[in-house]
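Trainee: I have the model open. Can we walk through a few spots in it?
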Amino acid sequence: MPRFSVIVPAYKVQAYLHECLESVLSQSYTDLELIAVDDRSPDACGEIIDEFAARDARVRAVHLPENVGLGPARNAGLERATGDYLLFLDSDDTLTPGALRAIADRLEATGGPDVLVYDYASTYWTGETVRNKFAEQLAEEGPAPFRLEDRPGLLRVLMVAWNKAYRREFVRATGLRFPPGYYEDTPWTYPALMAARTLATLDRVCVHYRQRRRGSILSTTSRGHFDVFEQYDRVFAFVEQRPELARWRPVLFRRMVDHLSTVFTKRDRLPRGSRAEFLRRARAHYRRYRMPGASVSLRSRLRHTLVHFGVHRTYRALEASMTLRRRTHKAAAKLARALRAALLQAHYRIQLRLPLRADRAVFAAYWGRGHGCNPGALEAAFRELAPQVRTAWIARPEHQDAVPPGPRRVRPGTAAYWTALARSKYLVNNVNFDRRLVKRPGQVFVQTQHGTPLKHMGLDLQDRPAAARGTDFDELLRGVDKWDYVLSANRHTTLTWERVYPGRYETLEYGYPRNDVFQRATTRDVARLRECLGIPPDAVAVLYAPTHRDYRRAQRCPLDLERVLRRLGPRFVILARAHYWQDPLVDRPAPGVVDVSGHPSVEDLCLASDVLVTDYSSLMFDYANLDRPIVVHADDWEAYEAARGTYFDLRSFPPGAVARSEDELIDIFATGHWRGSRSAQLRAAFRERFCPHDDGRAAERVVRRVVLGEPEPLPVTPLADRRPVPSAAATAAATAEAALPGPVTGPAPVEPAAGSGAEPGVSSGRPSRAVVPRPAGPRSVADRR
């Protein structure tokens, strides 16, 4: 007997059915049967189902002799189900990766409830994905399982069959069946939730609910929408047969009225000439099922009045007046914004005529996202080394709290913002300021950039439209012409910037200021950061930081983090850091997986971690300064390189072991290869090539050159003489080795390469399936063009 029976009815969905069925069969949890019901579909659905059944014994093909509709087709699958739990999936929707494993784990954790409600996200043909707006109702806080009266807010979640798992014995004992007609989910989901003795929730997106460009059957114009009346008759009949459910009648009444008014007010639902009839029947249902004293929210009173009295024309008049009011307010707001912008530009023009302030500097990073990166390190260095210069930091309102004490806080688009841009001598940013910035004589613009380039940048994107995303290259070069200094961390970066951002600026190949902290931090700092992040003292913290994919509209997490963590074991913790253009990688709390996408400092995350796992993010170049293990997950290198373009093949010159799949990544950790001597050798060669100047004094070099006018930079500490703060795991290993009373007998461990950060005494174990290329020479990539 399988754990799950997944029932998929199919009718005229040949374009989507393959993806739907594949999403079920490719789940990491395999204890299932897939019952695919061909509802006498006139297209190729039946053939597709038979093809899947022929290749996978878990698929049970059901061919109905005639078309019966969605509800009866689900019943046909229900009659053949043998699993402990029933799941329904519409044939144009898909299960998300790892969904069944998460559902199985939650069922076990909550003692096998009658019904488990999980979350979904709407996916649009444009590539946009939007999570259910009532997701907060699925929080896993509090006791579980529970009864519906303990969490009545669950009734606000979309009342469909496919966002729940049902215990099959409960369904049989309750006598639940799907009726024919439209809105067949209504007399199934309400009775299921009300009759369930035990309920639980799973705060995880398990289904992608496809929103087709031409809409679903419920958005078509048809008299079939009149079925909604019979469906609510069935719901109330179910309640009348069970006196213990009578307390739900007021809730059902309100939900029914909201539903009826929605059907009526949607202009594409009811055929012309049938609206008056629908409203008469709605009024009759209102009077039949109304409960005295049933409270109605203020927002719903207009709709309830419509159904109660059938005041169609009055409702339309009120709706028209409200629409006019909204449009009037929108036009007034637009005019106010235009007037405000004009006044601010006039203010800016006045400020440009006033004297420049030599003792002022203004900083920003990542389009106002907060204090950090190279500008953040430079701002602190300005205050330390040039205290005569007063600093200001530009941050959007939601990031104001991330700005530390010291600099004056400025919000973009305000009078203070334009004053700072007009009159500050020093302008520091890792992107460009507002394109309307007028570079005044005497102003000094320091462009810090925000990483060593692996992917194509600047003018190299002219023939990469997916990555360029409509970049105005003329405007880009106008911005470059305002730069006076550009920071670089290595020769490869210098040669790349000067070619893809051609200008008259001076390149300061001093290292990146944001990496100074790696040489200055102490073991106490590492311990404090780990404690703040909730990392157990003996845990191995994996910082997972993938980059953005230009060739994908919808960004998704390349790894099933929960599966990876289960395979690695309880000693590991994953810190999941999404790219700043992407949504968080974690859509629900999970033991051992910490979403750190909103953490203000990626440098702090690097210090707190023991190993970095990334794909093509420039973070690897910065992390290499810590001399800690790095693992590259390059599962789509060919697609990424084709869409974005890269300056060298990372697989041939990596900073550590390379995995081409999730299983290879797991194997690298299982064998210990992630911190073995071979990985240390690769990292040493990578550091020699890309980290020649990051010795902890980059910010000081910049301030001394730009502000204090010192012509010669400070000498650079050689790589061999640097002592970056070790990871917590390395510190613990060294402490344990020092505590040993004498020599340890047995095979000699594999020694890490000189200068590497590999943990002492750690062997790479059995050979890994991962690719471990030999390091190339230290020659610059740009020299090999």
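Trainee: Where is Phe653?
Mentor: Phe653 is in the loop between helix 22 (637-644) and strand 22 (658-659). Helices (H or I, at least four residues) and strands (E, at least two) are DSSP runs, numbered from the N terminus. Residues are numbered from 1 along each chain as its sequence is written. This is a predicted model: local features need pLDDT of at least 70, side-chain atom pairs count only at pLDDT 80 or more, totals for chains, interfaces and linings use all residues, and side-chain values use heavy atoms, with hydrogens and water left out.

Trainee: Is Phe653 buried or exposed?
Mentor: Phe653 counts as buried, because its relative accessibility is 3%. Buried means under 20% relative accessible area, exposed over 50%, partly exposed in between (1.4 Å probe, protein chains only).

Trainee: How far is the C-alpha of Phe653 from that of Leu682?
Mentor: 7.7 Å, with the two residues 29 apart along the chain.

Trainee: Switching to strand 18, how many of its residues are buried?
Mentor: 5 of the 5 in residues 572-576, so strand 18 is largely enclosed by the rest of the structure. Phe572, Ile574 and Ala576 are buried on one side, Val573 and Leu575 on the other. In a regular strand, side chains alternate between the two faces of the sheet.

Trainee: Which way do strand 17 and strand 18 run?
Mentor: Parallel, with 5 bridges joining strand 17 (residues 540-545) to strand 18. Val542 has Ile574 as its bridge partner. Strand 19 (residues 593-595) also runs parallel to strand 18, through 3 bridges, and Leu575 stands opposite Val594 there. Two strands pair if DSSP finds at least two bridges between them.
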